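Trainee: I have a new structure on my screen and would like to learn how to read it. Could you walk me through some features?

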Amino acid sequence: MGINVQSFAVANLRRRPVVVQTGGFVAGFDPGTTSPYINYATPMPGTRPTGRDVAALIEAFRERGLKPRLEFAPDAAPAVEPALREVGFTVEEVHEYLVCTPATLTTPPVTGSVETPSTDEDYASIDAALSEAFAGVFTSSPEGAARLRRTQENGGAVRFVRAPDGGCAGGASCSAPAVGTAELAGVGTRPAFRGRGIAGAVTAALTETMFAQGAQSVWLEYSGEGSRRVYERVGYEPQGTRLYMALEG
């Protein structure tokens, strides 16, 4: 599965507005933001980078005023981590990823229906709710709402549960499938609405949507044991790890 996840990471970065391919790496950039979680690189499976390859990758970030950063499944490109460490890259985080297939998917009960956004107000509300859910890791913005709309319109999916005031109680998005799999990300529920099954319902709805579009699996990363239990109840199972590395300074 690591090869599939890594191949997906490559394909997904190639969807960015600006793509740079150099020395076995693919870097994806979005001029609308400087966020390192959107502007990053990943190696192609099996890449064995030289020092010159890594230097060229670093320069692609530096010339844009961005921090050199990568996300990848190390088992799909085992030579990459040592090459990055040699020039000063350090590990930000190691995340386990979970995978769901049609055979394991379970749809949980939920209070409220899961909806597909249709208006600018819906997308802005989802972006604001996710910013609140992740405690200000990112600030909601028109650009963030626009990225969610592009995800929905370009073969991916965005789903949310509406709050009583008409806004968003919780939501998430899933990238369009590639190489038989898709990544589900940014599952968040506003604090006032937690404990009602919203995250599980949104996750299940997005996963079902990807399977209907032909994906053979959907994968995601989790941020804590509480969220892991939510995903496992939907049918997600541990399959491997992803490594986040960056060059500081």
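Predicted model: local features only at pLDDT ≥ 70, side-chain atom pairs only at ≥ 80, totals over all residues.

Trainee: Which way do the side chains of strand β4 point?

Mentor: The general idea comes first: in a regular strand, side chains alternate between the two faces of the sheet. Now look at β4, residues 69-72: R69 and E71 point one way, while L70 and F72 point the other way. All of these residues are buried.

Trainee: And which strand does β4 pair with, in what sense?

Mentor: β4 pairs with β11 (residues 237-246) in the antiparallel sense, over four bridges.

Trainee: Moving to helices, which residues of α7 are buried?

Mentor: In α7, residues 225-234, the buried ones are S227, R228, V230, Y231 and V234. Seen down the axis of α7, they fall within an arc of 160°, so the buried residues line one face of the helix.

Trainee: What covers those buried residues of α7?

Mentor: The cover includes the strands β5 (90-100), β9 (181-189), β10 (217-221) and β11, along with helix α6 (198-212). Just after α7 you will find G235, with a positive phi of about 120°.

Trainee: Now for charges: how many salt bridges does a search of the whole structure find?

Mentor: Again, the idea first: side chains of opposite charge can pair when their charged atoms come close. Here the search of the whole structure finds 17 salt bridges. One of them joins the side chains of D30 and R150, at 3.5 Å from N to O. D30 sits in the loop between β2 and β3 (40-43) and R150 in helix α5 (residues 142-153), so this pair ties together parts that are 120 residues apart in sequence.

Trainee: What does R190 form a salt bridge with?

Mentor: Its partner is E132, and the closest N and O atoms of R190 and E132 are 3.2 Å apart. R190 lies in the loop between β9 and α6 and E132 in helix α4 (residues 120-133), so the pair links parts that are 58 residues apart in sequence.

Trainee: How many residues apart are E153 and R149 in helix α5?

Mentor: They are four residues apart, which puts about one helical turn between E153 and R149. Their side chains meet in a salt bridge at 3.1 Å, N to O. E153 is exposed, with a relative accessible area of 52%, and R149 is partly exposed at 24%. There is also a network: salt bridges that share partners join K67, R69, E71, E92, E221, R242 and E248.

Trainee: Where does UniProt place a domain feature?

Mentor: The unreviewed UniProt entry places "domain: N-acetyltransferase" at residues 113-249. Over residues 113-249, the chain is 37% helix and 28% strand, with the end C-alpha atoms 46 Å apart.

Methods:
Residues numbered from 1 in each chain as written. Heavy atoms only, no water. UniProt positions renumbered as here; feature names shortened; annotations may be inferred. Helix = DSSP H or I, 4+ residues; strand = E, 2+ residues; numbered from the N terminus. Buried < 20%, exposed > 50% of the residue type's maximum accessible area, 1.4 Å probe, protein only. Pairing = 2+ DSSP bridges. Arc of directions from axis to C-beta. Contact = heavy atoms within 4.5 Å. Salt bridge = Lys/Arg side-chain N within 4 Å of Asp/Glu carboxyl O.
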